[in-house]
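Please keep the sequence and the 3D view at hand while reading.

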Amino acid sequence: RPPAPRFQRAAHAHRASGASIVATLPELCKMAVDEDLITTANPYLSANGRGELRKGLLQLLQLFVLEDKLLRLISFAEGKQDTALLQELQVTRSFSVTEHSKWLVFEVANG
């Protein structure tokens, strides 16, 4: 199975910046759920820094979910699958990703 487009773009961005990839997507998902893991990864971050990193991780994960949704919408539109397209457009998130970050990670994992 070929890698998802988001992983290809992320890897390309890291290579282009000259930075090395330190954490995998599963590790980032775990850090988004458990802020203590951020401390384990970088014990020098302040409480504010950990909070900002978690906030950024949650935004990144939301963008991954949105990208998956957009790819589905494009596929439905190109395939003239109007019913599926309309159903996908009506799907909305009804929970707070800050309060229920595990649910967001579930969305990321199940694309």
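## Helices H2 and H6

In this predicted model, helix H2 (residues 25-33) and helix H6 (residues 101-110) have axes that come within 8 Å and cross at roughly 160 degrees. Angles over 145 degrees count as roughly antiparallel, and H2 and H6 are therefore roughly antiparallel to each other. Their crossing is right-handed.

On the H2 side, the contact is made by Leu25, Cys29, Ala32 and Val33. On the H6 side, Ser101, Lys102, Val105 and Val108 take part. Sorted by class, the contact of H2 with H6 has six nonpolar residues, one polar and one charged.

## Helices H2 and H4

H2 also packs against helix H4 (residues 47-78), at an angle of about 125 degrees and with the axes 9 Å apart. That angle makes H2 oblique to H4. The crossing of H2 and H4 is left-handed.

H2 contributes Leu25, Leu28, Cys29, Met31, Ala32 and Val33 to this contact. H4 contributes Arg54, Leu57, Leu58, Leu60, Leu61 and Phe64. By class, the contact of H2 with H4 has eleven nonpolar residues, no polar ones and one charged.

## The aromatic pair

How many aromatic pairs does the structure hold? It holds one. The pair is formed by Phe95 and Trp103, with 5.2 Å from centre to centre and 80 degrees between the planes. Planes over 60 degrees apart count as edge-to-face, and the pair of Phe95 and Trp103 is edge-to-face.

Is Trp103 buried, partly exposed or exposed? Trp103 is partly exposed, because its relative accessible area is 45%.

How values were computed:
Residues numbered from 1 in each chain as written. Predicted model: local features only at pLDDT ≥ 70, side-chain atom pairs only at ≥ 80, totals over all residues. Heavy atoms only, no water. Phe/Tyr/Trp six-rings, centres within 6.5 Å; stacked < 30°, edge-to-face > 60°. Buried < 20%, exposed > 50% of the residue type's maximum accessible area, 1.4 Å probe, protein only. Axes fitted to C-alpha atoms, helices over the stretch in contact; angles between N-to-C directions. Helix = DSSP H or I, 4+ residues; strand = E, 2+ residues; numbered from the N terminus. Parallel < 35°, antiparallel > 145°, perpendicular 65-115°, else oblique. Left-handed = near helix turned anticlockwise from the far one by under 90°. Contact = heavy atoms within 4.5 Å. Nonpolar A, V, L, I, M, F, W, Y, C, P; charged D, E, K, R; others polar.
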